Every structure is written in structure tokens, then in C-alpha cells.
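Please look at the sequence and the fold shown below. The report that follows takes up a few of its features in turn.

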Amino acid sequence: MPSITKSTHMSAWFPVTIPSAHKDAPKKSRQLNTTKLRLRSFLLSLPIIYMTKSASVFHSSYRNMSPFQHILFLCLALFCTASSVSSHSRHYTAPSVPRLTDLFSHVSVNQSLSNFFGGHNIKLLNNGSMVSLALDKTSGSGLASKDKYNYGFFSAAIKLPAGLTSGVVVAFYLSNADMYPHSHDEIDIELLGNDRRIDWVLQTNVYANGVTTGREEKFYFWFNPTLQYHYYSILWNSHHIVFLVDNIPVREFPSNGKFSAAYPSKPMSLYVTIWDGSEWATHGGKYPVNYKYAPFVTSLTDMEMAGCTINPKQPDSSCPNASLSSIDPVGGADFVKLSNQQATALGWARNKLMFYSYCKDTSRYKVLPAECK
């Protein structure tokens with residue numbers, strides 16, 4: 001087989017070396033140049049094909065190709081398809097950081113969480129250490145923690161559904177809307193399914209005291225989140241909220257200064273859900289969930305919930321202000337601020353992967369929130 005040389009320009013993905021022993025090598029080389037020109041012309045004509053919805057250009061180009069050129073064309077078409085689907089992937093090497101997920105014990109799903117909705121789409125696996133949640137035409141599904149927490153570290157290894165997942169939302173979040181419907185707090189990790197050519201997107205958000213002003217920030221991944229499990233974590237204490245992916249901090253929301261008015265402070269439950277977010281997550285329903293590809297299944301393992309549990313029926317229950325253990329996520333010294341490694345990784349993620357921040361959305365906010373100024 002001819003060897004393939006990679007170029008940053010799509011049209012340069014062509015065989016560049018023909019076996020020298022082949023008696024027709026010069027002829028093959030001429031055919032190769034002709035093929036390159038035809039394929040380049042064809043690629044340049046694609047916008048016209050799509051706009052006019054005419055197949056005449058394609059038919060003419062494809063009909064005049066030799067069998068060798070047909071094979072080359074099909075290989076290029078497959079490559080272009082893969083490139084368009086993954087057009088926003090960022091395959092970077094992540095910085096080295098402390099692995100917070102190694103500090104805490106895993107909890108059993110069936111002992112720590114209960115059915116929130118869509119029970120028929122929830123399947124416990126591996127004696128309760130793993131769970132799958134599904135979305136189909138009848139319903140999504142979700143779990144809620146049995147305990148409520150006033151600060152803590154919350155994490156799960158999640159594998160997202162593959163394929164066409166426009167409108168599908170997988171959420172890992174804290175909320176107290178059940179207890180405070182008019183003044184609820186919320187800390188969100190929302191994983192938004194792709195809309196045709198865009199990969200899964202990570203969205204983070206924070207709400208406090210019933211204020212519905214969204215504080216969204218969105219990120220691309222530096223890996224394919226559908227191939228294997230990756231850690232999604234939330235650290236929440238009196239000092240800051242930190243959103244982490246595979247232990248890399250992607251966002252920090254401090255509790256002091258201008259952020260204090262928007263800082264969640266009431267006890268919350270942990271939720272894990274999958275649901276149809278077509279209207280909300282895909283530009284007003286532009287790319288709704290296509291149930292032809294259902295069920296959409298996400299699976300979770302390595303659940304961690306370490307923090308201060310609160311009994312709502314006992315208003316006097318409270319968490320200590322300090323802890324003798326440095327690895328206590330509520331009051332431990334190691335969780336008061338980001339380490340130098342974590343701060344460097346945070347900058348890396350925000351510079352390379354963040355593509356939306358509410359603090360830069362002047363079309364949405366005529367007056368930016370106080371912490372953005």
C-alpha cells in the first residue's frame with residue numbers, strides 16, 4: 001500500500017509514495033496528480049452542492065474516476081466525515097495535578113442515592129457500585145442523594161452516550177429546589193449532547209438564593225467523553241466552588257468579594273440525571289433529540305460524596321468550622337485554595353478549552369453581573 005503523509009490542510013491527505021519497483025510508477029504518479037486536482041475541485045464545490053441541493057456535480061466527478069480513484073475518494077470521504085463530527089475536539093495533553101478523586105472512598109449507588117424519576121430506565125450494576133441511566137421516548141431518568149450536604153466533595157466517573165446525541169443532557173449537580181422553591185441554590189455540571197457537528201460540551205453554572213441570572217461557562221473537552229469513563233467533580237465549601245474534569249480545575253467560583261451575593265450557602269442534595277433538553281440546549285429546539293437513535297444510555301461508577309451531612313428535620317445540626325484533617329473538603333487546609341499546580345491547570349483549561357463565559361456576553365447582559373466588573 002502507498003504510504004500516507006499527514007498535512008494540516010485537508011486536501012493534502014493523499015498517497016505520496018508509489019513503490020519504485022512498479023513498472024507503471026510514472027503513469028500512477030500522473031493519475032495521482034489528476035486525482036488530487038479532481039478531489040480538490042470536488043471539495044471546493046461542496047458548498048454549491050449543499051446550497052443548490054443538486055447532485056449533478058457529484059455524479060459527474062464520481063463517474064469519471066478510475067477504480068483506484070474511487071477507493072481514494074471513499075477513504076477521503078470517510079476522513080472528512082470523521083473530521084466534521086469531531087470538528088471541535090481538542091486533543092491536548094492535560095497538565096499534571098493532584099488527584100483529589102484518590103483521597104475519598106467510593107460509595108455504593110444503591111445505598112447512597114435513590115430513584116428521582118424514570119425508575120424503569122435505571123439499572124444498577126456490579127452489586128450497586130455502578131448504574132446506568134437511560135433516555136427514551138417515554139422518559140429520562142435520574143437519581144438523588146439520600147442525604148443533604150452543607151459543603152463537600154462530589155464526584156463520579158461518567159461515560160457519555162455515543163453517536164448523534166443532539167438535545168440529550170446529562171447533569172451532575174447540587175440543588176435544594178425541593179426545600180427552597182423560591183430561593184433555591186444550585187451548582188451544575190451539565191453535559192450537552194452534540195448538535196450535528198459539535199461534540200459533547202461541558203457547561204457549568206451557579207445559582208444562589210433563587211436568583212435566576214445564569215452564570216454559565218462552557219468548555220470543549222480535550223478527549224472523547226464517549227469512549228471511556230472520566231471524572232466529573234464539584235468541590236464546594238465556605239471558601240470556593242471548584243469544577244473539575246479528570247481532576248483538572250476548569251472553573252473556580254470564590255465565596256468572597258463580589259461573588260459573595262451569588263454564593264450558594266444552604267444545604268443541597270446531589271442529583272444525577274439524563275433528560276431531553278432539546279428546547280433549552282439546542283438553540284430553541286433547532287436540533288431536537290432524535291429518538292430514532294434511542295435509548296441514550298449514560299453510565300456512572302466511582303461515586304464519591306464526602307462532606308457535612310445535614311438533617312433538615314434538625315435545624316440545629318451544623319458542620320464544624322474547622323477540621324483536624326487536611327483532606328476534609330469542608331474545612332481541611334488542602335481545600336482552602338488551589339495549589340500552584342491546580343492554578344496552572346485552571347489557566348490551561350480556560351485558555352485552551354473555554355469558549356463561552358457569561359462575563360463576556362454583552363448582548364445578553366446590558367449590565368454585567370457585579371463579579372464580572
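## Disulfide

The predicted model has one disulfide, counting as such a pair of cysteine sulfur atoms within 2.5 Å. The partners are C359 and C372, whose sulfur atoms lie 1.9 Å apart. The torsion about their S-S bond is about -75°, so this disulfide is left-handed. Both cysteines fall in the segment after β17 (354–357), 13 residues apart. C359 is partly exposed at a relative accessible area of 22%; buried means under 20%, exposed over 50%, and partly exposed in between, with a 1.4 Å probe and protein chains only.

## Basis of the values

This is a predicted model, in which local features need pLDDT of at least 70 and side-chain atom pairs count only at pLDDT 80 or more, while totals for chains, interfaces and linings use all residues. Residues are numbered from 1 along each chain as its sequence is written, and side-chain values use heavy atoms, leaving out hydrogens and water.

## Sheet

An open sheet is built from seven strands in the order β4-β5-β16-β7-β12-β13-β14, with antiparallel pairing. Strands here are DSSP runs (E, at least two residues), numbered from the N terminus, and two of them pair if DSSP finds at least two bridges between them. At the edges are β4 (122–125) and β14 (248–254), each of which pairs on one side only. From one strand to the next, the twist averages 20°, taken between axes that are lines fitted to C-alpha atoms, with angles from 0 to 180 degrees between N-to-C directions.

Within this sheet, β12 (residues 230–236) and β13 (residues 240–245) run antiparallel and are joined by five bridges.

## S233 in strand β12

Is S233 buried or exposed? This residue of strand β12 is buried, with a relative accessible area of 1%.

Neighbours within four places in sequence aside, S233 is in contact (heavy atoms within 4.5 Å) with residues including T101, F153, I189 and V242.

## Nonpolar cores

A nonpolar core is a set of buried Ala, Val, Leu, Ile, Met, Phe, Trp, Tyr and Cys residues joined through side-chain atoms within 4.5 Å. The largest has 60 residues, of which F172, L191, Y232, I234, W236 and I241 touch the most other members. Strand β16 (residues 296–310) supplies the largest share of this core, six residues. Another core, of ten residues, lies apart from it and includes L100, L235, L244 and F335.

Key:
Helices (H or I, at least four residues) and strands (E, at least two) are DSSP runs, numbered from the N terminus.
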